[in-house]
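The following exercises lead a new reader through one structure. Each task is followed by a solution in steps.

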Amino acid sequence: MSSINYSDKIPNNVNLSDDRRLQRALEQWQPHFLDWWKAMGPDGSHNFDVYLRTAIDVSPKGWAHFDTVKMPDYRWGIFLADKEEDRRIGFGMHKGQPAWQDVPGEYRSELRRLIVTQGDTEPASVEQQRRLGLTAPSLYDLRNLFQINVEEGRHLWAMVYLLHAYFGRDGREEADALLTRHSGDADKPRILSAFNVPTDDWLCFYFFCYFQDRDGKFQLHALSESGFDPLSRTCKFMLTEEAHHMFVGETGVGRVIQRSAELSRQHDTLDIRTFGGVDLPTLQKYLNFYYSICLDLFGQEKSTNAANFYSMGIKGRYEEGSIDDDHILEGLTYKVPEISGDRIVLADMPALTAVNERLRDDYRVDSQKGVDRWNKTIADLGVDFKFTLPHQAFHRNIGSFAGLPITPDGKVIAKDEWARRRDDWLPSESDKAFVATLMQRVVEPGKIAGWVAPPARGIHGKPFEYEYVKFS
Ligand code: BYC
Ligand code: FE
Ligand code: FE
């Protein structure tokens, strides 16, 4: 039931060969995807042999197969988590009714919009990361970058499948458009702003994987609660791939921090740039940047769109099933921060319009865990420095705090003071120029750049020294 058919042109576990029309439509989209991959995917990588995992089964345990492949030959396909017998809608006005196996006509445009928004982020991230291979700090890191890139490509396939299978002609048009918008393009940018930000260096990459892929985790969890069963099942399987992306982020940032803290201890100063490390205060600025742009991805604090999605039963809350309430939320409240004079206060809001905010809160709690582990690394090395997540009102562009001059510890200050102190809080041009000097490519097996510690272990039981990427 859950094994994947690799004999088809498009690997799948949805019996694609039984639906000739759909199969033909997707086979027409496939060469466009490959053209996009060749033009916008990892720069100059097409002949490399890369040690990659491929999904062969969708069961939570042991779905992965490891092998050396050239990336354009990666078996991108359509994999949905197994169908749950008699699944019911878990929230909203249709709570308790059987989950929809087809798109309910009255929610068609909302569902299409959610799927397009989600789908747009996946190729966007590949575009954002396309030049990082040129400055990889080790073969191990290069391989992880490529692994993430092929899986984000597969996440695009996941959404394109839904558009083709359930949305007819306009679904096909949206699927084409997912390949014509591009990250950072002046005329046709990606939909969400964080996916148009350049990912210039490997600090950006690690923080991106920690914070931005984690937004993916929370959005995919919310969508996996959907009453539209095919969306739920596809997001459930995407989540199993997402775990590795966040692992790359947490350990990547952690390895930079470890190296920086080691240099700080050795030289008894935080000021370690002359010794070839990234000083911890600069890392805090990168953290501030990525965390704040990712908070924007959750939308407005008060959102009628989100309330409607919830009541319709198409987008739920994080772990909806384990929340102890009526799952309808009529008359319930939730605490939402808002600005009151020059202070930020928590106010009771209808829980329905606060579901974006609740998801953001869940995200904050999850984000803090890695920060605590990073701080432990620093403390264990006896260095006096601590990372903190900035206040949620800091550096926001969406919602109640958009554009307001608020410090990382949540104080409202004058606009000109904020502008004057901006470079204390966010990476400055000179910080980025310094980091750029460290970004030298290291790709001999077993070697690693000086600004980052090697990983505790390699991939899938292989040692760090393994030749994860062979250039040919
Ligand atoms: N940028 O009611 P509101 C991932 C707009 S990451 C621009 O709060 P709503 C990945 C909004 O469109 C996960 N515009 O918004 C990670 C609306 O416009 P209208 C990505 C924004 O509807 C790494 C208006 O403001 N998935 O997978 O609740 C690598 C009112 O706002 C933004 C998703 O995000 C913004 N940030 O939208 C690879 C899930 N925020 O209607 C992959 C899909 C809001 O007034 N998307 N607006 O014209 C959604 O669930 C929702 O659309 C949003 C919030 C979360 C974006
Ligand atoms: Fe993804
Ligand atoms: Fe991801």
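Ala, Val, Leu, Ile, Met, Phe, Trp, Tyr, Cys and Pro are counted here as nonpolar, Asp, Glu, Lys and Arg as charged, and the others, Gly among them, as polar. The model is predicted.

**Exercise 1. The shell around the ligand**

Task: Determine how many residues surround ligand 1, and how the residues of this shell divide into nonpolar, polar and charged.

Solution. Step 1: Ligand 1 is surrounded by 25 residues. The closest of them are Gly216, Gly299, Gln300, Ser303 and Asn305.

Step 1: Sorted by the classes above, the shell around ligand 1 holds 13 polar residues, six nonpolar and six charged.

Step 2: The elements that contribute two or more residues to this shell are helix 2 (108-128), helix 5 (202-224) and helix 8 (304-312). Helix 2 gives the most, with six residues.

**Exercise 2. A pair of strands**

Step 1: One of the pairings links serine 340 to arginine 343 of strand 4.

**Exercise 3. The surroundings of valine 469**

Task: Decide whether valine 469 is buried or exposed, and list which residues it touches.

Solution. Step 1: Valine 469 is located in strand 5 (residues 469-470).

Step 1: A residue is buried if 20 or more other C-beta atoms lie within 10 Å of its own. Valine 469 has 24 C-beta neighbours inside 10 Å and therefore counts as buried.

Step 2: Leaving aside residues up to four places away in sequence, valine 469 touches Phe48, Val50, Leu139, Leu142 and Arg143.

Step 3: Phenylalanine 205 is 264 residues from valine 469 along the chain, and their C-alpha atoms are separated by 19 Å.

**Exercise 4. The chain as a whole**

Task: Compare the radius of gyration of the chain with that of a compact globule of 472 residues.

Solution. Step 1: The chain contains eleven helices and five strands.

Step 1: For 472 residues, a compact globule would have a radius of gyration near 23 Å; the chain has 23 Å, so the two agree.

Step 2: Along the principal axes, the C-alpha atoms fill a box of roughly 65 × 60 × 40 Å.

Step 3: Of the 472 residues, 45% are buried.

Notes
Residues are numbered from 1 along each chain as its sequence is written. Chains are lettered from A and ligands numbered from 1 in the order in which they are written. This is a predicted model: local features need pLDDT of at least 70, side-chain atom pairs count only at pLDDT 80 or more; totals for chains, interfaces and linings use all residues. A residue is near a molecule or strand if its C-beta atom, placed from the backbone, lies within 6 Å of it. Helices (H or I, at least four residues) and strands (E, at least two) are DSSP runs, numbered from the N terminus. Two strands pair if DSSP finds at least two bridges between them. A residue is buried if 20 or more other C-beta atoms lie within 10 Å of its own, exposed if 12 or fewer, and partly exposed in between; C-beta atoms are placed from the backbone. Two residues are in contact if their C-beta atoms, placed from the backbone, lie within 7 Å. The radius of gyration is taken over C-alpha atoms; the globule rule is 2.2 Å times the number of residues to the power 0.38.
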